[in-house]
Every structure is written in C-alpha cells, then in structure tokens.
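This briefing sets out selected features of the structure shown below, grouped by topic. Please read it alongside the sequence and the coordinates.

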Amino acid sequence: MATVLPERALAPSRPGPFTPVVFRVLRRDQEAPDVVTLALQPGPGQPFEFAPGQFNMLTAFGVGEVPISISSSPGRGPLLHTVREVGPVTRALCRAPIGSPIGVRGPFGTDWGINDFAQADAVVVAGGIGLAPLRGAIELLLERVGLPAGPRKVVVLVGARTPDQLIFRSDLETWSSLGAEVAVTVDMGSEGWKGDVGVVTQLVRGAGFDPARSMALVCGPEIMMRFAIQALIERGVLPTSIRLRISLERNMQCGSGICGHCQLGPYILCRGGPVVTYPAASRLLSEAEL
Amino acid sequence: MELSASSRLLHHPLFAGLPLATVERISLDAHNVAFEPGQVILAEGSPASTLYLLEHGKVALSAHAPGRGHVLVQTLGPGEVLGLSWLFPPYQWRFDAHAVEFVEALAVDGARLRALIEDDPVLGYQVIKRIAPLVVERLQQTRVQLLDLYGSGTNGYGNRPA
C-alpha cells in the first residue's frame, strides 16, 4: 500500500547554511582589467536580505567556492558582487556567462553598522577593490544625510594603484553629485590622468571632516588600512570611531564559525567579523603572521 | 585687495611664524607666477633656481620612462611647495613638473634665498627646520608607494588566491 506523505513535507524547505542557493548571472560589468561586477538574480520566491559589509560564499560549480563581499545596497536591484580574478575560482566567476548559475551561501558576518552614524561625519576610506564592500554603505549613508538618524556629511576617500585599477568610476561621480565629498588618488598616474597622484593617507590629511565627530569606515588591503588608520588617528578621529573590514587574506570556508579556517587571533572572522572596530583589531593588524 | 608678497609668505606653512623682518627680506626676491593647464613648470636636468609656493591649482610631478610615456609620481596643491632642488647641489631639477589645472604661485628666487640663509645661520636653521619635515614626509609617502598598498595576487578583500 502506498504511503501518502503529509502535505508540508512536499513544500520546499529553506536550504541549510552549507547548501548554495542557485542565482543566475544577469549582468557582468568590467570594472578594471581584472575586476568584474556580477549582477546575480535569485530564483522566483527567493528573497535575499543582507546588510552592507556582509559577504557571501560564491560557488563556481565544478571549480570551487570563495568568499566575496556584497557590493550592492539592500533592496536595490540585483545582488552585486565585485570580484578580482586571482585564481581558478575567481577566474570562473569573472568569466561566468550571462544566464549561467552561481551558487550563493550567505549572507555571513558582521556589517558596517550604519545605524550608528547619527549626526556624525561619515568618513569612508577605501583602497583598491576595498571600495566594493563599502558601496552599499555609502549609498545608504548618502540617502540618510540630513535625517536625524543619518550622518551630517559623507566623505569618500579612495586610493588605487593606477587609474585603470579604479573601480566604480560612475558611482564616484554620482556620490559627488549627491553631496558627498569625494577624493581619489592613485599611486602612479598615467599620461592624461588629471586626478591626484600620491598615497591615500594624503587624502585623509586634507579631507573636510570634523575628527571629533567623525565615524570612519576603512577597507582595503591590511597594509593600506594600517596607514590609513594612522592618518585618521593623527587627524584626531577616536580609535573607537573607526571600523574596518579585516577579512583580508583570511581563509573563509564554512561561513558559520564552525571550521575555524578564518580564525584570526581570538576572532572567528566569518562570524565575529569581517567588520570590527579598530580597538579590537589594532594588535592583529600589526602582527607579522598569525 | 591682493595681499603683499610678505603677507602671503607669512600665510604659507613654509614661512608661517618667521619674524616679519625676515619674511620681508625673503619677499624682496618673490614674485607672482601663473601657469596654464599643461604648461611645463620644471624640466628634468635644467637649473633649479626657484622655490614655488603653490596657492591655487594642481601640479603634477612626472618622469619620462621609455615605452611608458610620462609617469606621474605625485601631485601637489595649494599650501604645498614645488621644487627643493635649488637648495642642494647640483641645483638641477630631478623631475618634470606641469600644471594640471590653472596654477598660481609665489615664486621665490632660490639662489638668493640660499645665499640669504648661508649668510644668516639662524634664519638658515629656521628655513631648514621647515623644509626638513617636507622632505621626510615625501620620503615616507614614497616608501608607502613602494609598499604597493593595493597588492597583487589577492582578491583585495576576500581570502587567498582562489
């Protein structure tokens, strides 16, 4: 005699934290010679909620899985991830054809905490592709400027190695037109470059913010963050008012704080990070190896 | 009303705080200069004879690299100093410099200033004390640039190459 399954057992269940959800590549934008932004579309009935600063584990099926920051704002169009091609998995992601499936697990980790910026000067310092995890935060902060719970102003300071490595150029112009103070510098300029040439710390020294009332968000390679944070503190920004994204070079795997691959000193970064305050991270930033 | 050269010198970080009489002596060898965008200000290898105190606009320092054209290594803006090679032998510019935007500056005769501070060691000490931090800061900036802050071979904010 055949057994009739209860109706609820036939309903689709929410996948566990280790099961990727299949998204489709909707669009692929070349940001720099080796950097691509993927616009990913979830399947029908698959809402995806996140906060700026969080990351997903992206799967290139048959190749592997990597942690990649979310570079879009919540509730604004497709899910965006900005990926630099540095190995086989990121290469497969960067070259994924339109319409092809990408596995998404997440979102994981802590966020930038943009609800804490009431009447503060929001100072965003980004190096290279480190601008990607900040984009969503910048957009939400700009929307809130002037509101009681929003920041007083938004200052965006961006450094890149060369002009062709500068990502989100049109966003930089948009943010500037929306009232943000935007400054960009490159380490080495090419002929025709009209912007600044020099290190990102110089931008921190010259930017128009009130250090005493500033909250800073910093993201980039660890060595860049060390120097940028030094410059912020020299300007008078309180260490407790600096948040940074410290996932760099750490090996995220499970995304759930179980495997321990991303452990950095006392922190399991996929859960206690990747966004942390500077006092929590200051010693770790200067460690040669952990 | 345009400020006098001595007032502008006193407002510039390089000379701010010096005795007025000293600044007035230096101002006798100062004059206004302006450069259109793209105009060459310094040419590598040519005699270094002027200290430029930038007041408006942006200047790019560059060097010509075969096969790469002019590589821009630094930009300078208002409040900054362009050109220190007039102070040290062989008194030749080490880099090219051109105006990126319309530039206005106060140009001080470097040879005269050098003679002035050699004759007056107290003034010389004061001037060198102001120039040394600029040199140190530029050295530190260059070291940071050498560190290649933005790295290669990693995804820049994710994990190891994968």
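Predicted model: local features only at pLDDT ≥ 70, side-chain atom pairs only at ≥ 80, totals over all residues.

In which loop of chain A is Gln119(A) found? Gln119(A) sits in the loop that runs between β6 and β7 (121-127) of chain A.

**Residues with positive phi**

- Gln119(A) has a phi near 60°, which is a positive value in a residue other than glycine.
- With a relative accessibility of 38%, Gln119(A) falls between the limits of 20% and 50%, so it counts as partly exposed.
- Phe168(A) is likewise not a glycine, yet its phi is positive, at about 55°.
- The loop that holds Phe168(A) lies between β8 (153-160) and α4 (169-177) of chain A.
- Phe168(A) counts as buried because its relative accessibility is 2%, under the 20% limit.

**Cis peptide bonds**

- Gly106(A) and Pro107(A) are joined by a cis peptide bond, for which omega is about 0°.
- Pro107(A) belongs to strand β6 (residues 101-108) of chain A.
- A cis peptide bond also leads from Gly273(A) to Pro274(A), with omega near 5°.
- Pro274(A) is located in the loop between α7 (269-272) and β15 (275-277) of chain A.

- Strand β12 (residues 242-245) of chain A contains Arg243(A).
- Arg243(A) has a relative accessibility of 14%, and therefore counts as buried.
- A polar contact of 2.6 Å links the side chain of Arg243(A) to the side chain of Asp116(A).
- The side chain of Arg243(A) also reaches the backbone oxygen of Gly113(A), at 3.0 Å.
- When neighbours within four places in sequence are left aside, the residues in contact with Arg243(A) include Trp112(A), Phe117(A), Met215(A), Leu217(A), Val275(A) and Thr277(A).

- Arg28(A) is placed in strand β1 (residues 21-32) of chain A.
- The relative accessible area of Arg28(A) is 36%, so this residue is partly exposed.
- The side chain of Arg28(A) reaches the backbone oxygen of Ala96(A) at 2.7 Å.
- A polar atom of the Arg28(A) side chain lies 3.3 Å from the backbone oxygen of Arg95(A).
- Not counting residues up to four places away in sequence, Arg28(A) touches Val36(A), Thr37(A), Leu38(A), Cys94(A), Arg95(A), Ala96(A), Pro97(A) and Ile98(A).
- Arg28(A) and Leu80(A) are separated by 52 residues in sequence, while their C-alpha atoms are 9.6 Å apart in space.

**Domains of chain A**

- Chain A is divided into domain 1 (21-108) and domain 2 (114-246 + 280-286).
- A distance of 24 Å separates the C-alpha centres of domain 1 of chain A and domain 2 of chain A.
- Their contact involves 21 residues from domain 1 of chain A and 15 residues from domain 2 of chain A.

**Largest pocket**

- The volume of the largest pocket is about 920 Å³.
- Its lining consists of 36 residues, of which Leu61(B), Gln74(B), Phe95(B), Arg138(B) and Thr142(B) are the closest to the centre.
- At least two lining residues come from each of β4 (59-65), β5 (69-76) and α4 (121-146) of chain B.
- α4(B) provides the largest share of this lining, namely seven residues.
- By class, 20 residues of the lining of the largest pocket are nonpolar, ten are polar and six are charged.

**Second largest pocket**

- The second largest pocket has a volume of about 680 Å³.
- Among the 31 residues that line the second largest pocket, those closest to its centre are Gln202(A), Gly206(A), Gly77(B), Pro78(B) and Glu80(B).
- Two or more lining residues are given by each of β9 (181-186), β10 (196-197) and α5 (200-206) of chain A, and by each of β5 and α4 of chain B.
- The largest share of the lining of the second largest pocket, five residues, is from α4(B).
- The lining of the second largest pocket comprises eleven nonpolar, eleven polar and nine charged residues.

Key:
Residues numbered from 1 in each chain as written. Chains lettered and ligands numbered in written order. Heavy atoms only, no water. Helix = DSSP H or I, 4+ residues; strand = E, 2+ residues; numbered from the N terminus. Buried < 20%, exposed > 50% of the residue type's maximum accessible area, 1.4 Å probe, protein only. Polar contact = N/O pair within 3.5 Å; in protein donor to acceptor, adjacent residues only side chain to side chain. Contact = heavy atoms within 4.5 Å. 1 Å grid on protein atoms, 1.4 Å probe; cavity = no way out; pocket = protein on both sides within 12 Å on 5 of 7 lines; lining within 4 Å. Points joined across faces, edges and corners; volume = space filled by probe spheres on them. Nonpolar A, V, L, I, M, F, W, Y, C, P; charged D, E, K, R; others polar. Domains from an automatic or database assignment.
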